[in-house]
Amino acid sequence: MDAETVRAIADLARKRAKVREHYAEGDGMMRLGAMRALRQFAADLEVSADAVTPRVRRKR
């Protein structure tokens, strides 16, 4: 898998965690730690992608 695909998956995991954060009050997601796990998964994917191909930073 290329680095950009891994970064896209990390972005999806972050978005999913954000959606769940909004609805966490009644469904037990916060108690089970799913949001935290998704955020950690996204961070791990970013580190893996950076190890393969460093992100190109745009100059301002």
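Visitor: How many salt bridges are there in this predicted model?
Guide: The model is predicted. Side chains of opposite charge can pair when their charged atoms come close. The cut-off is 4 Å between a side-chain nitrogen of Lys or Arg and a carboxyl oxygen of Asp or Glu. By this rule the count is five.

Visitor: Which residues are linked in a network of salt bridges?
Guide: Start with Arg7. Its side chain meets that of Asp50 in a salt bridge, and Glu46 forms a salt bridge with Arg7 as well. The network is made up of Glu4, Arg7, Arg14, Glu46 and Asp50.

Visitor: How far apart are the closest N and O atoms of Glu46 and Arg7?
Guide: This pair links distant parts of the chain, with Glu46 in helix H4 and Arg7 in helix H1, 39 residues apart. Both Glu46 and Arg7 are buried. Their closest N and O atoms are separated by 4.0 Å.

Visitor: How many residues apart in sequence are the parts tied together by Arg7 and Asp50?
Guide: The Arg7 and Asp50 side chains meet at 2.7 Å, N to O. Arg7 lies in helix H1 and Asp50 in helix H4, so the pair ties together parts separated in sequence by 43 residues.

Visitor: Is Arg7 buried or exposed?
Guide: Buried means under 20% relative accessible area. Arg7 has 6%, so Arg7 is buried.

Visitor: What separates Lys15 and Asp11 along helix H1?
Guide: Their side chains meet in a salt bridge, 3.2 Å from N to O. Lys15 is partly exposed at 48% relative accessibility, and Asp11 is partly exposed at 33%. Because the two are four residues apart in helix H1, the separation is about one helical turn.

Visitor: How far apart in space are Lys15 and Leu38, C-alpha to C-alpha?
Guide: Lys15 is found in helix H1, residues 3-22. In sequence, Lys15 and Leu38 are 23 residues apart. In space, their C-alpha atoms are 9.2 Å apart.

Visitor: Which residues make the nonpolar surface patch of about 330 Å²?
Guide: Patch residues need over 30% relative accessible area and no salt bridge. Phe41, in helix H4 (residues 34-52), is partly exposed at 40%. The patch is made by Met1, Ile9 and Phe41.

Conventions:
Residues numbered from 1 in each chain as written. Predicted model: local features only at pLDDT ≥ 70, side-chain atom pairs only at ≥ 80, totals over all residues. Heavy atoms only, no water. Patch = residues over 30% accessible without salt bridge, like charges linked within 9 Å, V, L, I, M, F, W, Y side chains within 5 Å. Areas by Shrake-Rupley, 256 points an atom, 1.4 Å probe, with all protein chains shown as cover. Buried < 20%, exposed > 50% of the residue type's maximum accessible area, 1.4 Å probe, protein only.
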